[in-house]
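Trainee: I would like to learn how to read a model of a protein. Please take me through it feature by feature.

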Amino acid sequence: MTSAVAQPPRPFGELLRQWRERRRVSQLELSIQAEVSTRHLSFVETGRSAPSRNMVLQLAEQLDLPLRERNRLLLAAGYAPAYSENSLDAPQMTAVRDAVRQVLTGHEPYPAVVVDRRWHLLDANASLTLFTDAVAPHLLKPPVNVLRVSLHPEGMAPHIVNLGEWRAHLLGRLRRQVEVTGDSELAALAAELRDYPCDQPEPEVELPGPGEIVVPLRFQYGDSVLTFFSTVATFGTPLDITLAELSIESFYPADAQTSDALRTRADMA
């Protein structure tokens, strides 16, 4: 029986070059932005020179790396991480939890969810049951992935009237997120979701229909079709990884019929 061998950490220069190429930035462009010589940057990428801590942070800033990846670069260069990663239930996150709960509660009677970077459900308001009441129980066992719940054939998908359009929208968001973060787990999730069945055409480019200004979610609720648009909120100046990766997605009624139906549903609860 053989045991798995842990992969050694990747050298700093290799990681830096990977991110620079992913961002489609040349050595010359990055050296100008970070105010270092192209020669020195080349030596850093090949391992002939070691970067200072400030240089690592400056390069990461210019490449617009997620905080998690900035820490990874620092570790690869031999420095301690700069950014903390506290659990959402940690004492120092009390103010964050209170703010998030206030947003969720204040959004009633419309659905709102809080997710992490991999779309795991962290919190939601009571109105989310509008979407989840008909979802198979196994999809709602923690950790709940809201994209899986949305597009799975035993999830919300059978009740989404414009499934092809909404699916293309969600997969497009996820594809862009994978490109920005380079996250392999998100890439695996995207591959899984693409394999789910869909009997509607999926537009390659999001174009508005008559009178539309956003991509709508049309959801079959009983005998009615409810129409929503959503907004995504993030914290503007995060210095903690958990906080930087937190998103609040809030759904709003796109017409008077949907608004009335949701208020009636809340009054009957």
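**Reading the model**

Mentor: Just after α4, residue D64 has a positive phi of about 55°. Keep in mind that this is a predicted model.

Trainee: Let me step back. How many helices and strands does the protein have?

Mentor: There are twelve helices and five strands. The C-alpha trace spans about 70 × 55 × 45 Å along the principal axes.

Trainee: What share of the residues counts as buried?

Mentor: Of the 269 residues, 41% count as buried. The protein exposes about 15000 Å², and carbon and sulfur atoms supply 54% of that area.

Trainee: How should I read the buried residues of a helix?

Mentor: Begin with the general idea. An α-helix has 3.6 residues a turn, so residues three or four places apart point the same way. Now take the case of α4, residues 53–62. Its buried residues are M55, V56, L59 and A60. They cover an arc of only 135° around the axis, which puts them on the same side of α4.

Trainee: Which residues of α3 are buried?

Mentor: Helix α3 covers residues 38–46, and its buried residues are L41, F43, V44 and E45. These pack against α1 (12–22), α2 (27–34) and α4.

Trainee: What about strands?

Mentor: The general idea is that in a regular strand the side chains alternate between the two faces of the sheet. As a case of pairing, look at β1, residues 112–115, and β2, residues 121–124. The two pair in the antiparallel sense over three bridges. V113 has A124 in β2 as its bridge partner.

Trainee: How many residues lie between β1 and β2?

Mentor: Five residues lie between them in a hairpin, and W119 in the turn has a positive phi of about 70°.

Trainee: How do contacts relate to distance along the sequence?

Mentor: Consider contacts between residues at least 6 apart in sequence: 59% of these join residues at least 24 apart.

Trainee: Finally, how many positive and negative side chains are there?

Mentor: The protein has 26 positive and 34 negative side chains. The centres of the two sets lie 8 Å apart.

Key. Residues numbered from 1 in each chain as written. Predicted model: local features only at pLDDT ≥ 70, side-chain atom pairs only at ≥ 80, totals over all residues. Heavy atoms only, no water. Helix = DSSP H or I, 4+ residues; strand = E, 2+ residues; numbered from the N terminus. Buried < 20%, exposed > 50% of the residue type's maximum accessible area, 1.4 Å probe, protein only. Contact = heavy atoms within 4.5 Å. Areas by Shrake-Rupley, 256 points an atom, 1.4 Å probe, with all protein chains shown as cover. Lys, Arg positive; Asp, Glu negative; His and termini not counted. Charge placed at Lys NZ, Arg CZ, Asp CG, Glu CD. Arc of directions from axis to C-beta. Pairing = 2+ DSSP bridges.
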